[in-house]
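Load the model, switch to a cartoon view, and keep the selection tool handy. We'll go stop by stop.

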Amino acid sequence: METRINKFKSIVPKVGLLVALAAGTLLQSCNSSGKGEDANIKESAVAADAATAVYVAPGKHDELYSFLSGGFNGQVAVYGIPSGRLLKVIPVFSQFAENGYGYNEETRPMLMTSHGFVPWDDLHHPKLSRANGTTDGRWLFVNGNNTPRVARVDLTTFETVEMMEIPNSAGNHCSPYPTNNNEYVIAGTRFSVPLDMKGGTGDASLSEYKDKFRGSISFIKVDKEHGDMELDFQVLVPGFDYDLANGGKGPSGDWVFFTTYNSEKSGTLKELGASQNDRDYLAAINWKLAAQYAAEGKAHEMPANYYHNKMDHGTHRVNSTVKKKVRYLLPEECPGMMYLIPAPKSPHGIDVDPSGEYMVVNGKLASSLPVFSFTKMQKAIQNKDFDGEVNGIPVFKYESVLHAEVKEPGLGPLHTEFDGKGNAYSTMFVSSEVVKWSLEDFKVKDRIPVYYSPGHLMIPGGDTKEPYGKYLIAMNKVTKDRYLPTGPELLHSAQLIDISGDKMKLLLDFPTLAEPHYAQGIAANKIAPNSVKFFKLDQNKHPQAVKNEKDVSVTRQGRTVKVNMTSIRSHFTPDNIEGVQVGDTVIFHVTNLEQDWDVPHGFAIMGNNNAETLIMPGSTQSLRWVPKQEGVFPFYCTDFCSALHQEMQGYVRVSKRGSNVPIKF
Ligand code: RUQ
């Protein structure tokens, strides 16, 4: 078995030059502490009572839900905590053959963008909706990093119900951040883009970066009752890269904070000289004041072109609308709205403690963790304690807002969360550990190695004013030997850590789907009682629904054949269809007549390139099929539903084009 030090050596080449430099220090520091040489450290870190601590007896439920992002699989994975059992995969930015999401006619429009149908995205950050600064279990907001989008999952059905494209953005990474009562979901661009203010992004040379490129922070209004999103306005910010954000709470509740890099405004690291400056910035925006400026007519308007896709409650179908305008504010015209705080170079996460007083900047290349004070920031604003400005935005003096620095926290700090008991926990990517430190004296109290190289960590509610400080999940980027080998491609790995005592204790490893970046956790009783068991058939307003087997139909209109059919244990009606011709577009609208929990029926037909679909009781779903060959094509139910499930089948006869076989069913 490899030692921990060897692990680092093999990881280092992956993470690039800058971090490799830091890693050089790491190897020394590990050697000198002697920690890294302990080949048995893995075993020794596991809590003696780990098995009972995570055991959830068969038939019993977990204490918490956790929602882990799937990164490049575009999905959200729902795990029970503490068992680590996978409860559900929620497809968001991915077609999902398992239930037809993104394949069937009802949900395909969810993945429409101004670039066309984009059935994939890189989902990084799930965020639960909020009430009074804590999670309320109603919705989960998630970001699409690649083709900038924000989506909303309804936690009564665990379905993606809304998706909005973000204009004037490229790489929607610092996103989405709900304010303390869901007034806004805030989404910032990672890459700045050329903006001419006349119609969004356009063609420009990278040599014009400094003059033409700007970032955008979007303020998305959330409907209090139904959660529906609306892009209210954007703030067009200096052309840095915006990495991560977090909202204030309590006294800082009107503010949202963003880490930035590339403050040189140079575009890329390699050719253009980004990451030259010693310091980048933490940007602070007063969202309440921004909203006020927008309401008072300070906002300009420019043409835009972005999709907003929403599931209709009654029909359970997604409708797309294309928006053509966006309002924007310029910080230089809105005094008091935005400030910059110098921060260690290339910072990653920014995390605000439960009291709302401390803003922790995780400078991945820095040797300490700076903790800024909101009170000091207010004072510095009053006293105009500034050190210049960028694009008219005042820059504070570092010392005037700094409260403390956590010294030698470890190497490569990425993210921090809080336990609500006066402690903070930070992930160290390079030294591969979680480090616990105190918000009282800002000293390190404990460390635990994790396997290997953690990115985010999550304490349920650890980003809110009320953390559930019992468990911590570290989400690790490198898996290596933690599980049975599965060839070159391995699942990523999460580790559950008990943080209820003074010392952190490792409880459980569990593999995750694709790459979890961030996660959210919430007590089960905030979600479970509201979970929908099935849809009521009499409330199904889908225009193609058939609620009685007597009313089924097969109709031809030109080259389109529409099949309005039903499914119930253990048959489809109709189940023998004739009169379809090669090249027709056949649309099966299947209504599941069942009115019971957990009796979906599936529908699949031979040769269809649209996967299958899984129809929940009481709902209607539609699958499109264009037969390319003559023949008799069987269809069947794909989800074992009864003792006669295997008999739940039917046939479609496809004749050659122009044939005179009439429609018959
Ligand atoms: S990010 S760890 Cu989006 Cu930090 Cu991934």
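Helices and strands on this tour are DSSP runs, numbered from the N terminus; a helix needs at least four residues and a strand at least two. With that in hand, go to Asn182, in the loop between strand 10 (174-178) and strand 11 (184-188). Its phi is positive, about 55°, although Asn182 is not a glycine. Is Asn182 buried or exposed? Asn182 has 22 C-beta neighbours inside 10 Å, so it counts as buried; the cut-off is 20 or more.

Now zoom out. This is a predicted model, with an average pLDDT of 92 over the chain and 91% of the residues scoring at least 70. Colour by pLDDT and pick residues 1-44: here the score is below 50, and the stretch has 43 contacts in the model beyond near neighbours in sequence. For the complex, the predictor gives an ipTM of 0.97 and a pTM of 0.93.

The chain carries nine helices and 45 strands. Its radius of gyration is 27 Å, close to the 26 Å that the globule rule gives for 665 residues, so the chain is as compact as a globular protein of that length. Of the 665 residues, 52% count as buried.

Next, select the ligand. What surrounds the ligand? Show His124, His125, His173, His348, Leu414, His415, Gly455, His456 and His517. Strand 27 (413-418) and strand 31 (454-458) are the elements that each give two or more residues to this shell. By type, the shell has one nonpolar residue, eight polar and no charged.

Step back from strand 31 into the loop that links strand 30 (444-449) to it, where Tyr452 sits. The peptide bond joining Tyr451 and Tyr452 is cis, with omega about -15°. Another cis bond runs from Thr573 to Pro574, omega near -5°; look for Pro574 in the loop between strand 38 (571-573) and strand 39 (576-581).

Then pick helix 8 (residues 374-382) and show its buried residues, Phe374, Met377 and Ala380. Look down the axis: they fall within an arc of 115°, so they line one face of the helix. Their cover includes strand 17 (279-286), strand 22 (358-363) and helix 9 (398-401). Helix 8 is followed by Lys384, with a positive phi near 50°.

Last stop: Asn391, in the loop between strand 24 (386-390) and strand 25. Phi is positive at Asn391 too, near 50°. With 15 C-beta neighbours inside 10 Å, Asn391 counts as partly exposed.

Terms used: Residues numbered from 1 in each chain as written. Predicted model: local features only at pLDDT ≥ 70, side-chain atom pairs only at ≥ 80, totals over all residues. Near = placed C-beta within 6 Å. Nonpolar A, V, L, I, M, F, W, Y, C, P; charged D, E, K, R; others polar. Buried ≥ 20, exposed ≤ 12 C-beta atoms within 10 Å, placed from the backbone. Arc of directions from axis to C-beta. Contact = placed C-beta atoms within 7 Å. Rg over C-alpha atoms; globule rule 2.2 N^0.38 Å. pLDDT = per-residue confidence, 0-100.
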